[in-house]
Amino acid sequence: MNSINSIWARWRVERKSQIRGFKLIVYTMSRSPLSVIGFSFVLIFFVIALIGPILITYPQDVRGAVHMDQKFKPPSSLHPFGTDEVGRDIYSRVIMGTRISLQIGLLIIFVAMGIGVPVGIIAGYLGGWVNEVLMRITDIFLSVPGLLLALAIVGALGPGIKNAMLALSIVWWPGYVRLVQGKTLSLREESFVEAAKSIGASKFRIIFGHILPNCTSPIIIKASMDMGMAILFAANLGFIGVGAQPPIPEWGAMISTGRNYLMNHWWMATFPGLAILITVLGFNLLGDGLRDVLDPQSRI
Amino acid sequence: MKRYFLKRFLSIIITLIGLSVIVFMVSRVAPGDPAKLAAGPDATEEMVQIIQKEFRLDDPLPVQYISYMRGLLRGDFGRSIRTRHQVQEDIRLFLPATFELVFFSIAFAIAFGILFGILSAVYKDTWIDHGARVFSVTGVAVPMFWLGIMLQLLLAAKFHLLPIGGRLDTMILPPTTITRFFLMDSLITGNWVVFKNALSHIFLPAFVLSFPALASITRINRAEMLEVLHKDFILNERAQGISERLIIAKYALKNALIPTLTMIGLRYGWMLGGTILVETVFDWPGIGNYAVGAAVYSDFQPVMAVTIILGLNFMIANLFVDLGYGVLDPRVRYE
Amino acid sequence: MIVGVSFLVGASASGYEKRDGKKIFVYGERQAAPNIDPSQYYDWSTRMLQQSLYDALLKYVGNPPKLIPWLAKSRKKSADGKKWTFELVRNAKFHNGDPVTAQAVKWSFERTLTIKKGPAWMLMDFLDKDGIRVIDDHTIEFNLKSPYAAFEMALPWWYIMNPKVVMANAKGDDYGQEWMKSNSAGSGPFRQKRWEHGVLYELEAVEDYWKGWENPKHINGFIYKIIRESSSLRMALEKGEVDGISGLSPEDYDAVIKNPNIYVTNDPGWTTFGLKMNTQKGYTKDINIRKAICYAFDYPSMIKIYNGNATLEDSPFPKGMKGHIPVPNVYRQDMKKAKEYLAKAGYPNGGFELEYVYVSGLEEERLIGLVLLDNLAQLGIKLKMVPLVWPNMVARGSKVETSPDLIAVFTTPIMDDPDVVAIQYHKVSWGKYYGSHFYQNEKTWEMIEKARFTVDWPTRRKLYEEIQTQIMEDVPELFGMLFNRRWAFRKHVKGFVFSPMRFTSEIDIYPLYIED
């Protein structure tokens, strides 16, 4: 018992300034009502995604069961969001859709970061022609509106959630390259990097020890805002019909189906749409809040 | 200045070439047999061979790319499998519709975005400000296609206030072709009936398309205006007795517009992408709709063409944004 | 903003469209018709326009479908079924005034046979170009390579074109194909007026049409308007922006029927829906697995999907077609039997995955897939739903290696003869979308061939009875249903006659008239 206490105490002492910094972030953010709202939406989103299976009332409807006799029932106590065209409970499907969206968002962002951050650091650090070439290539990807490029890629590979995620990762990675390259470029000139170099630190150590930690703030801000946008883009592709396929309960695909029956059965498209709205709004507000705290100088 | 222009122009060309390579590679990755698709459901083996030759699908990849690039330089984007027409013909038909929609939307977003931003900054902390702020934050999060179908349902289907889709009513003949923009052409020829009709049709799709841009522009303009309005030189001007209106319109706005301009450029790009959603919802016969129809059909040439054309348009728009900085900020020098 | 919006409230037409006193019928369709060349292409959207712009020797009308003389006022068939002679009407004229002669007929058939696209497949095996003989200006003779009782039944789909006009617009040796995509050289009751690709096509009535007009109130113009989304289609009909539509979901039809300004027609069709299974590859190669699938499926759910407006198939042939019999060994849901056959196949608990390929965007096929997914889950079989566009499906179904385990196909017979359905189960159909099961049974093939080349109906009928029973026993396909064909029209549109030979949303606009 004593040893654990002392380990904990030692950790607290070592990380004192970082703990303070963290507390400052939390305090500042809690002062802004919008950030609190954003944070709560995101928190709810994550919680629902995690404990989804406990919350749903008709688990088989998510996996593919159909009940033709129950189709198109309006919202009621049994089915708070109504039923769809094959009698499935929309509430259960929207809840499970949270999990799908989370997976989609996380995967896209992580792949994009996984490619974009290293490329950005390499470009910024090495400079010269490597930088030129890498940035040119990045510019090419950024020269075309993201949704169009995603459409082209999914159009080529075929419809499906995997291809949609791949396409969106390809659309997203250049943004991270630009962000990280810019930061690396400016950090390179900082005196602490000079100092590290002068005592013979390897490139590796400089990158991982000094540059990367200083990039984390902008990356986190961007990732937070991007989560929302990635989920939105995935829903866009789902709506067009090249994203998630039945019976996967992805929100965009649900709206696309619901659209055909909108005039008489408004609930099919409305609830998934609200889910998207709340989720994206949450991530946007959270991202804004983080930016105000971590990087108040930046504009966009 | 001329050198800057030339430099940018060159860079656009290089980027465009790079884009064409990427797009070409993507199209060739596609699974499936494009010749069979093109030949149609009742085709015989002979018919498939004919198509294979017509589209040169047997040549090695780099050769195919070279012939593709040669075609691009001539303006030949190949032939669409779905419509059987030359893609350039289809694009010539559908491009004006998209640009009319996009110009209308961006103009709307810029005009009202800046206006709301100013109002929100000037009347800070009043209900105007609060309303604008809520709007500017949620506007970006609303899925465009969902907004479109909801408004379509309410305004068009339930309350019959606006048309459901398309550019004109079925019975109305399009105006004489001058610019191919219905609004312009009908104004120029004094055709009031067509003008009213075209306006009623473009209203809802343009509104939906502009929504996120409108929200972002409002937001950033407000933030910038607030920044600027508290600066020293403004205080100075107020002390000198210059009217508040003039201060806002001339001095504050000019400074606030610089970052706003950046946002406008960014949002224009997203708007070009958004056309594929809005045109689908409102049956707008533009290239967004055309590209979606082609993508769903595994018909590549049109998707490639639309990507390149809209990509080029975005690059040019960015060039204008950069030149705009020069206009707004005399400190900017071009080398 | 509200003020601005109300200013824009346009005239929402509650009547029909009129322009200069002429009655225009506006039809909403989900699909464009980018190529209306009768020698190159046909599908439901295209043929509606072709039927209006062109004439053929014969025409299908009514339900049950009758083959009536059109450009050909009489016809004779030789006893051996190989020589067919047609006498043409004297007063038929092309739109530009040229008379419709036997030379033009010969030229049109030659063109289609040479280009080898569109309807060419229907007669390619029986007719060579040199088999067509012009006897005189108004008499033409077809000499077939082998007897074919159903020859005349394909003729309504071989439209007659004006050689002078087509060749005047030919580019190089393309036989006029480029020009004919968006233009026409016909003699039909309508001519082209406005052609806006992706938006609409407008036809105007040929007031002095050589065959005349039955009803003085006939439509003077026809606009085919492209509206891709079914929800927009329905809104357009309810608002009066269009006068007739098809392609709504069963829900929408049932809702729209309540509108006092709209009526919905409902006729049993001959379009069959079936899931063709790959009998030569994969799990579906084993007949026991195929039987298991057919016993697992909840057939009545298909009726529910159509809200009661469908009938289950009781034979590979559609009910109502000549030669159809209700086959005794038809499959209905029986989970016990399904499990038995699955066990016989060696997979008592399933444990494998099947692919269900269907037309992307076709809601009914998607719903049926969802039902099947649920049914097969009870057997421990997983179903992967793969939406593809139709040409992709056709491409996949054209080879044994790529043909899907289950492919959803709607098939409309193009003639009233059982050969057109039976031939789908013959080797010659391998590679076509309706042959994607690659069904192999030499005995059945022999019967099909015999029935095809026989001219005597009682003999053929007996053969077809055996063929139907045998196919059901070999179960290359999950035989589904025939759905009722429905159209929704505004009250003032009259004269619509359903014919099962027409495709899904295709209507013949010639008999339509407007009455307030």
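Student: How many residue pairs are in polar contact between chain A and chain B?

Tutor: Happy to start there, and please keep in mind that this is a predicted model. The contact takes 44 residues from chain A and 54 residues from chain B. Counting pairs with both residues at pLDDT 80 or more, the number in polar contact between chain A and chain B is 3.

Student: Which residue of chain B forms a salt bridge with A:Asp288?

Tutor: The count between chain A and chain B is 1 salt bridge. In the bridge made by A:Asp288, the closest N and O atoms are 2.5 Å apart, and the partner is B:Arg219.

Student: Which element gives the largest share of the side of chain A that touches chain B?

Tutor: Several helices of chain A each supply at least two residues to that side, including α6 (128–142), α7 (146–157) and α11 (251–259). Also among them are α10 and α12 (267–294). The largest share is 12 residues, and it comes from α12(A).

Student: How much of the area buried between chain A and chain B do carbon and sulfur atoms give?

Tutor: The buried area between these two chains is about 4,100 Å². Of that area, the share given by carbon and sulfur atoms is 79%.

Student: And what share of the area buried between chain C and chain B is on carbon and sulfur atoms?

Tutor: Here the contact takes 49 residues from chain C and 43 residues from chain B. Chain C and chain B bury about 4,100 Å² between them, and the part on carbon and sulfur atoms is 63%.

Student: How many salt bridges does the rule find across the interface of chain C and chain B?

Tutor: Polar contacts do turn up across this interface: 3 residue pairs, both at pLDDT 80 or more. For salt bridges, the rule finds 0.

Student: Is A:Asp226 buried or exposed?

Tutor: A:Asp226 lies in helix α10 (residues 203–240) of chain A. Leaving aside neighbours within four places in sequence, A:Asp226 is in contact with A:Ile109, A:Trp172 and A:Tyr176. Its relative accessible area is 8%, and under 20% counts as buried, so the word for A:Asp226 is buried.

Terms used: Residues numbered from 1 in each chain as written. Chains lettered and ligands numbered in written order. Predicted model: local features only at pLDDT ≥ 70, side-chain atom pairs only at ≥ 80, totals over all residues. Heavy atoms only, no water. Contact = heavy atoms within 4.5 Å. Buried area = accessible area lost by both parts, 1.4 Å probe. Salt bridge = Lys/Arg side-chain N within 4 Å of Asp/Glu carboxyl O. Polar contact = N/O pair within 3.5 Å; in protein donor to acceptor, adjacent residues only side chain to side chain. Helix = DSSP H or I, 4+ residues; strand = E, 2+ residues; numbered from the N terminus. Buried < 20%, exposed > 50% of the residue type's maximum accessible area, 1.4 Å probe, protein only.
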